Amino acid sequence: MPIWEAVLLGIIQGLTEFLPISSTAHLLVARNLLGHEKPEDAFTVVIQLGTLVAVFVYFRSDIAKMLRGLVADVRVRRFASTPESRLGWFIVLGSVPVVVAGFTLKKWLKATFFNPTSIATVAIAFALLMALSEWWAARRARRGQPPRTETEITWLDALWIGAFQALALMPGGSRSGTTITAGLFAGLSRPAAARFSFLLSLPAILGAGLKEMYDERATLLASEQLRALVVGLLVSAVVGYFAIAFLLSFLKRYSTSAFVVYRLLLGVGILGLIAAGVLK
């Protein structure tokens, strides 16, 4: 892979991992258009580790507090003894659905959904679901129900949002998109849903990336592939950091409607490229 392609894919990954528009869908389509023989290979998964670095850096204070809280809980044999450890346990619980789905359905998911037609269909379907969650949030506001904050997240909310994260294993679903959608349905504010979404991504991205890196280590660690991977990881980390900052600021003032429209256009555009014979 030429270095300029690695840079381009790193930019795409960094932008689309945290914006609710599906990084895997964009990477697969971009690599298809670039003529890559197997766009669904390990590179597409492992490059997500770059955006994981962005989450660790951006939320380093929150993550440090959660880890200290979790360690303290284990030492005293108690659960959720502080707000920080409580959030940490919620992240653990919310990660269970995606871990189970990832291990049991990996081959079926790749065989079924890692193609342009499925990507377009899923992108459109989840755009409509996101629009429905915005309608639900507006309905709550009209009834005088204030949005809930991170401190009001419950065990059931964590499991609910985690189940939606598992749906993002289908390219086009978007990890941040599905989890923010679930958060809005649960009555969370947009910024609270986004922050929990980013923190919830840590175990899933780390686990998937390390597993793919181990499984495909012989190919990924080849000198020419390794160089491209390192460049892609670095670029995605830098771009991802600014994408997080942008989205959190954006959602304090605006709804996700712009992303709904983009996802609809993305799905229709992919279907158009398929019809024109550009995508296969």
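The legends below describe an overall view and several close-up views of a predicted model.

**View 1. Overall fold of the predicted chain, with 13 helices and 0 strands.** Helices (H or I, at least four residues) and strands (E, at least two) are DSSP runs numbered from the N terminus, and from that end the elements run α-α-α-α-α-α-α-α-α-α-α-α-α. The radius of gyration, taken over C-alpha atoms, is 19 Å, close to the 19 Å that the globule rule (2.2 Å times the number of residues to the power 0.38) gives for 280 residues, so the chain is as compact as a globular protein of that length. The C-alpha trace spans about 50 × 45 × 35 Å along its principal axes. Residues are numbered from 1 along each chain as its sequence is written, and side-chain values use heavy atoms, with hydrogens and water left out. Local features need pLDDT of at least 70 and side-chain atom pairs count only at pLDDT 80 or more, whereas totals for chains, interfaces and linings use all residues.

**View 2. Burial and contacts in the chain.** Buried residues make up 49% of the 280 residues, where buried means under 20% relative accessible area, exposed over 50% and partly exposed in between, with a 1.4 Å probe and protein chains only. Of the contacts (heavy atoms within 4.5 Å) between residues at least 6 apart in sequence, 78% join residues at least 24 apart.

**View 3. The pair formed by tyrosine 241 and phenylalanine 242.** Rings of Phe, Tyr and Trp (its six-membered ring) pair if their centres lie within 6.5 Å, and planes under 30 degrees apart count as stacked, over 60 as edge-to-face and the rest as tilted. A search of the whole structure finds 13 aromatic pairs. In the pair shown, the ring centres of tyrosine 241 and phenylalanine 242 lie 5.7 Å apart with their planes at 85°, so the arrangement is edge-to-face. Tyrosine 241 counts as partly exposed at 28% relative accessibility, while phenylalanine 242, at 56%, counts as exposed.

View 4. At 43% relative accessibility phenylalanine 246 counts as partly exposed, whereas phenylalanine 250, at 15%, counts as buried.
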